[in-house]
Amino acid sequence: MSADSDFRFSEEFEELKHVGREQPCSAADLPVNRPKNRFTNILPYDHSRYKLQPVDDEEGSDYINANYVPGHNSPREFIVTQGPLHCTRDDFWRMCWESGSRAIVMLTRCVEKGREKCDRYWPYDTRPVYYGDIAVTALNESRYPDWTVTELMLCRGAEQRVLKHFHFTTWPDFGVPDPPTTLARFVRAFRERCPPDSRPVVVHCSAGVGRSGTFITLDTALQQLANHAEFIDIFGMVHAMRRERVWMVQTEQQYICIHQCLVAVLEGQDMAAPP
Ligand SMILES: CCc1ccc(NS(=O)(=O)O)cc1
């Protein structure tokens, strides 16, 4: 695939260019919802969008820029969304609560190269913070060189839930982790703490397409590998994801990175001590 300056990778990635693009995004385009979109060109398809429980007859109250996306374990394993805006972070927490999500995977920093990529939507310390009617409290935090895991307690009325926050902190926007095996190690660390079950996982970066799609594809592929699949169809996975959300795995380098991670895992490089 990588021969002749990645010719086959380029050819295969190009075939994905138009997948899903004919599908409508009418809810996202409503005037009341336009301010809820971080990017005007990254809008959720109507057919797979996550719908919040409507609030009274408030127009647009069911809207958030998020889509269900398939994984290895179910057709709606992930809810993929943009990095919350300040004006949508209450909606974000409502989505996490109403969907019964048990984890959030965050693949961007809040600020990168001086630009805001995501609101700081969770508490800075252990004091509870209200987002709408949901109180979020950080119970404990584990920091590693390339990611941080935080246990969060969510309270809504008399009900309490614990949700894990996995924050990958060294993935440059539009780029790939360096070395790629860092991503494979993060996926392994995530799955060790979050084995598959019926509840969805919320995944976001800044736009919720490039880094999020790359993470999900690798997670899916590594589970197939662990189940001794004879053939791993990365093209097919990205094709299926792009039917649900636009530009999932945004760049050719991210597409190649997925393959590099798989080769590294097959060669046992992801288990070696980090450099
Ligand atoms: C131009 C909109 C846009 C911004 C950022 C990204 N990268 S990301 O999806 O990995 O956050 C993808 C698209």
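**A tour of the ligand site, pockets and cavity**

Start at G210: one of its backbone N or O atoms lies 2.9 Å from an oxygen atom of the ligand. Taken alone, the ligand exposes 360 Å², and the protein buries 89% of that (accessible areas by the Shrake-Rupley method with a 1.4 Å probe; for residues, only the protein chains shown count as cover).

Before moving on, note that this is a predicted model, where local features need pLDDT of at least 70, side-chain atom pairs count only at pLDDT 80 or more, and totals for chains, interfaces and linings use all residues. Residues are numbered from 1 along each chain as its sequence is written, and side-chain values use heavy atoms, with hydrogens and water left out.

**Around the ligand**

Select D173. An N or O atom in its side chain is 2.7 Å from a nitrogen atom of the ligand. Next, pick R211: a side-chain N or O atom there is 2.9 Å from an oxygen atom of the ligand.

Now show the whole shell (residues with a heavy atom within 4 Å): F39, I42, D173, F174, C205, S206, A207, G208, V209, G210, R211 and Q250. Six are nonpolar, four polar and two charged (Ala, Val, Leu, Ile, Met, Phe, Trp, Tyr, Cys and Pro count as nonpolar, Asp, Glu, Lys and Arg as charged, the others, Gly among them, as polar).

**The largest pocket**

Keep the ligand in view. The ligand sits in the largest pocket (more than half of its atoms lie within 2 Å of the grid points). A pocket is an open set of points on a 1 Å grid over the protein atoms alone, with protein on both sides within 12 Å along at least five of seven lines; lining residues have an atom within 4 Å of a point.

This pocket holds about 280 Å³ of space. Of its 17 lining residues, F39, D173, F174, S206 and A207 lie nearest the centre. Colour β6 (115-116) and α5 (210-226): each supplies at least two lining residues (helices are DSSP runs of H or I, at least four residues; strands are runs of E, at least two).

**The second largest pocket**

Move to F231, I232, I234, H259 and L262, nearest the centre of a pocket lined by 13 residues. α6 (234-244) and α7 (252-266) each give two or more of them. α7 gives the most, with four. The lining has nine nonpolar, one polar and three charged residues.

**The cavity**

Select K36, Y63, I64, N65, T81, Q82, P84, T88, D91 and F92 to see its lining. β2 gives the most, with three residues.

Key:
1 Å grid on protein atoms, 1.4 Å probe; cavity = no way out; pocket = protein on both sides within 12 Å on 5 of 7 lines; lining within 4 Å. Polar contact = N/O pair within 3.5 Å; in protein donor to acceptor, adjacent residues only side chain to side chain. Points joined across faces, edges and corners; volume = space filled by probe spheres on them.
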